[in-house]
Amino acid sequence: MRDINHFIGGESFTGASGRFSDVFNPNTGEVQARVQLATDSEMDRAIQSSQVAFESWSQVNPQRRARVMFEYKRLIEANMQELAEMLSAEHGKVVADSKGDIQRGLEVVEFACGIPHVLKGEYTWGAGPGIDVYSMRQPLGVVAGITPFNFPAMIPMWMFGMAIAVGNTFILKPSERDPSVPVRLAELMMEAGAPAGVLNVVHGDKSAVDAILTHPQVHAVSFVGSSDIANYVYQLGAANGKRVQAMGGAKNHGIVLPDADLDQVVKDLSGAAFGSAGERCMALPVVVPVGKKTADELRERMVAEMATLQVGVSTDAAAHYGPVVTAAHKARVEGWIDQGVKEGAELVVDGRGFTLQGHENGFFVGPSLFDKVTPDMESYKEEIFGPVLQIVRAASFEEALELPSKHQYGNGVAIFTQNGRAARDFAARVNVGMVGINVPIPVPVAYHSFGGWKRSAFGDTNQYGMEGLKFWTKVKTVTARWPDSDLEHVDSSFVIPTMA
Ligand code: NAD
């Protein structure tokens, strides 16, 4: 059995906990490797290594740090195929989709190549007589990222791309389900010229997460995963004096107004609901057609579109999507389909019991479609995170607007229409963090920022872009006085100084 090691101080590190987690091949159902789960002292070792690296890395000038990022970009591109295949083999998403996963992370690295420009502080000359004020953004120290299984390349790069470029050193605790790509990403960071300890990877479960959240030398923690754990991470990290941002689950709605181009909507929905087997926090698992005519037509076309979908192994270039990540997750998704039936939703296409010939033990789930789902159903309220699309019919624009606005999650939402005024009104009023207008998966580009609302995010700073810059740095503001002459003295003042 192959063991997946930690990566500490620039080299592979074999842990001694004796605790492991199985890594499956989702195409076959077999265990293909086991990943080590760290002890507290192994986590401490990684943090000490990053602490030592911080002393010098934080003093490297921004242009030189940017050069490491430029070289890192080149190396990721040169290794794209190998990384994508490695990712697909553990996650189960098809290789083309894995390349998209890597590419979206790489775009944050590209943004980080411009760090010398965005790190420049603010300056006010002459804020008072002989007084200038300037600010600088300084790195925090050792910081950490805890990431989910569904984007094992993109989400780590969202975090460490920015955090390292501004001068921090980084501990990555990736998902134990697909840990190989994160290790490879760290090896490439060293190859790009980052000193040992700038990026360490420590595998583990709850106990490794707790070790990060309670360690006095970790100054900030970025988390992405499910909402209950995100909330836990936020609470425990904040109670331990850390800066924390914690992104959680999602249930994104696609609103379809009667004037939408339904042929295009069906294509968009198909990719956004079933791509990556629905295991995306920006998937569109709920569609809200406005009016009976729109709903009936959409349902009919969706059923026809779904009949063309090909489910296959992750290496099958013709497959639209592959297996889900584990047998437990397959059972969970199918359990939610059972629940929907029990609650009285109409199961139009049933993906349960799907098997792929030659891969009968793989974790495949067929595409499923529910109609007449209502907001009181548990299967509507909770995240399914599988290839299941739910139709919730709305009688009016206002009713459609209310559904995502009142849902416990507020990650993304999309509206499909040709009416610019309705779209504009919707975007302004909907109670959700990221909005697409005729864009089914509105993940913001790297120079904007990513973040949901309500139970989709705890903490108040988004991922990457200028928000990422703020999260990973602290501001120091200097007020300096250079009197005109040695003779000019100011009398002691016992009132708060003003520039009046
Ligand atoms: P998860 O919450 O199970 O795991 C996320 C991380 O937390 C992993 O590193 C895991 O090892 C760790 N963890 C697991 N159990 C823990 C515990 N009890 N205490 C502390 N840490 C623990 O999430 P997942 O299944 O890997 O990923 C899917 C979830 O992530 C979905 O809910 C999805 O919506 C969400 N997600 C959100 C975003 C976003 O940006 N909002 C992006 C991607 C995924």
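**Figure 1. The open three-stranded sheet S1-S5-S4.** In this view an open sheet of 3 strands has the order S1-S5-S4, with mixed pairing; strands pair if DSSP finds at least two bridges between them, and strands (E, at least two residues) and helices (H or I, at least four) are DSSP runs numbered from the N terminus. The model is predicted, so local features need pLDDT of at least 70 and side-chain atom pairs count only at pLDDT 80 or more, while totals for chains, interfaces and linings use all residues. Residues are numbered from 1 along each chain as its sequence is written, and side-chain values use heavy atoms, with hydrogens and water left out.

Figure 2. Strand S1 (2-4) and strand S4 (20-25) are the edge strands, and each pairs on one side only. On average, neighbouring strands of this sheet are turned by 35 degrees against each other, direction ignored; axes are lines fitted to C-alpha atoms, for helices over the stretch in contact, and angles run from 0 to 180 degrees between N-to-C directions. S1 and strand S5 (residues 30-36) run parallel and are joined by 3 bridges. Opposite aspartate 3 stands arginine 34 in S5. Helix H3 (residues 80-91) packs on the sheet and touches S1, S4 and S5, where contact means heavy atoms within 4.5 Å. The direction of H3 makes about 105 degrees with that of S4.

Figure 3. The ligand is surrounded by 28 residues, counted if one of their heavy atoms lies within 4 Å of it. The closest are Lys173, Glu176, Ser226, Gly248 and Glu383. A polar side-chain atom of glutamate 383 lies 2.5 Å from an oxygen atom of the ligand; a polar contact is a pair of N or O atoms within 3.5 Å. For lysine 173, an N or O atom in the side chain is 2.7 Å from an oxygen atom of the ligand. With threonine 147, a polar backbone atom is 2.8 Å from an oxygen atom of the ligand. The ligand taken alone exposes 850 Å², and the protein buries 88% of that; accessible areas come from the Shrake-Rupley method with a 1.4 Å probe.

**Figure 4. The two domains.** Domain 1 (2-248 + 456-478) and domain 2 (253-437) divide the chain, with bounds from an automatic or database domain assignment. Their centres, taken over C-alpha atoms, are separated by 31 Å. In contact are 20 residues of domain 1 and 25 residues of domain 2.

**Figure 5. The open seven-stranded sheet.** The 7 strands follow the order S15-S16-S17-S14-S13-S19-S20, with mixed pairing. Strand S15 (346-349) and strand S20 (434-437) stand at the edges with a single partner strand each, so one side of each is left without a neighbour in the sheet. Strand S19 (residues 412-416) pairs with S20 in the parallel sense over 4 bridges. Glycine 412 has methionine 434 in S20 as its bridge partner. Helix H15 (residues 420-429) packs on the sheet, touching S13, S19 and S20.

Conventions:
A polar contact is a pair of N or O atoms within 3.5 Å; within protein, one must be able to donate a hydrogen and the other to accept it, and residues adjacent in sequence count only if both atoms are side-chain atoms.
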